[in-house]
Amino acid sequence: MTVITHTQRRSRLAEMVDRPGGVSVGSALAKASANLEVHKDQARAIIGDGIAALLAPQSPDLPEAVRLDLAYAASSQIIDAANPFAMDDLCTAAKGLCDLLDAAPRQGGFDWRIVTVHAQAMKLLLALPPQDAEARTLILSNLHEVLKHKLSSGDQAG
Amino acid sequence: MTMLGDTLRESAIFNLEGAVTMVVDDSPFSMTLTSSALSGFGIRPAFTLGSGLEAKQILQDTPIDLLIVDTAMPDIDGFELVHWLRRSAPNPNAFAPVIMTASHIKRAQLKRARDCGANFVVTKPFSAGMLLERILWIARDNRPFLEVGDYFGPDRRFRNEIWDGEERRANMKNTGRKGGSISL
């Protein structure tokens, strides 16, 4: 296969980054942190909504593929909202659920208890005080076992 | 949130105030979060768009310095937007620095993520520190752009080390070079 190389010109971004003025990394991160902090309550509310959507009874009239997509969207929304607030355990739980939903058979037969288990775990993670590392580790470890078992066996069916 | 990567020193100074930046994300809240972090870095996004199609229209005739785009969008997704952008020369934005963000990448999209031509695909969670680190890294990224089959984008090899093993790429076997490429 032919490989064509285009030598890159120096970008405008490269030129401006070293211009006089600007801010220090420490000060920029402090400002970013302060800017983000303002949105933390809204983020927690969005995470709560996402968890509630995952726990809500699913309409049996909806096709399985649509139900999977809706659950995947709710789980992705949790990752988006938790992302900049160091809620990495919530993101890990939501990512695991996204992996399972992504691997689920679209034609039906998905074990929906997996969604409930993940949503309940996320609810707990959201409510736990930050210092309760032991409980967080235990919850994530249990979810990891579910993920490993279901993905390795290719069995998301009940 | 304040965890710094290896390449960021708290005392290092940078200036990105004039960077014409476009953020594309169909989630208004994610957009707000990204813009808030950027604003802390001194970057006021010139374009905040909720649609890949809208972004495509603007990118056709407005030069930008940095594009931050989400992967999952309803009309044209981030992968398709960046793939188009890289192939849009003589549009000067064809070589623009691009950071893609993703909450989760589906298995079926892994190849698209690898091949779309973004400088970085960053999966969440990432801290503001990591985002800044990626932006500063990308500003100094001088990797050449490669056209290989359907791929057009920065050289995906981050390391520039001589490979001592057997050359298995058919087109490289007769060039007498290792780890190189054919340049125009």
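Modeller: An axis here is a line fitted to C-alpha atoms, for a helix over the stretch in contact, and the angle between two axes runs from 0 to 180 degrees between their N-to-C directions. The model is a predicted one, and what follows is computed from its atoms.

In chain A, helix α3 (residues 40-55) packs with helix α6 (residues 113-127) at an angle of about 155°, and their axes are 9 Å apart. Because angles over 145 degrees count as roughly antiparallel, α3(A) is roughly antiparallel to α6(A). The crossing of these two helices, α3(A) and α6(A), is left-handed. On the side of α3(A), the contact is made by A:Ile47, A:Ile51, A:Leu54 and A:Leu55, while α6(A) contributes A:Val115, A:Thr116, A:Ala119, A:Met122, A:Lys123 and A:Leu126.

Setting aside its neighbours within four places in sequence, A:Ile139 is in contact with A:Ala121, A:Leu124 and A:Leu125. For one of these pairs, A:Ile139 and A:Leu124, the separation is 15 residues in sequence and 8.6 Å in space, taken from C-alpha to C-alpha. A:Ile139 has 20 other C-beta atoms within 10 Å and is therefore buried, since 20 or more is the cut-off for that class.

As for the backbone, most residues other than glycine have a negative phi, and most peptide bonds are trans. Against that background, A:Ala86 has a positive phi of about 55° although it is not a glycine. This alanine, A:Ala86, sits in the loop between α4 (64-82) and α5 (88-103) of chain A, and with 15 other C-beta atoms within 10 Å it is partly exposed.

B:Pro90 is placed in the loop between α3 (78-86) and β5 (98-102) of chain B, whereas B:Pro125 is located in the loop between β6 (120-123) and α5 (128-139) of that chain.

How values were computed:
Residues are numbered from 1 along each chain as its sequence is written. Chains are lettered from A and ligands numbered from 1 in the order in which they are written. This is a predicted model: local features need pLDDT of at least 70, side-chain atom pairs count only at pLDDT 80 or more; totals for chains, interfaces and linings use all residues. Helices (H or I, at least four residues) and strands (E, at least two) are DSSP runs, numbered from the N terminus. A residue is buried if 20 or more other C-beta atoms lie within 10 Å of its own, exposed if 12 or fewer, and partly exposed in between; C-beta atoms are placed from the backbone. Two residues are in contact if their C-beta atoms, placed from the backbone, lie within 7 Å. Angles under 35 degrees count as roughly parallel, over 145 as roughly antiparallel, 65 to 115 as roughly perpendicular and the rest as oblique. A crossing is left-handed if the near helix is turned anticlockwise from the far one by less than a right angle, and right-handed if clockwise.
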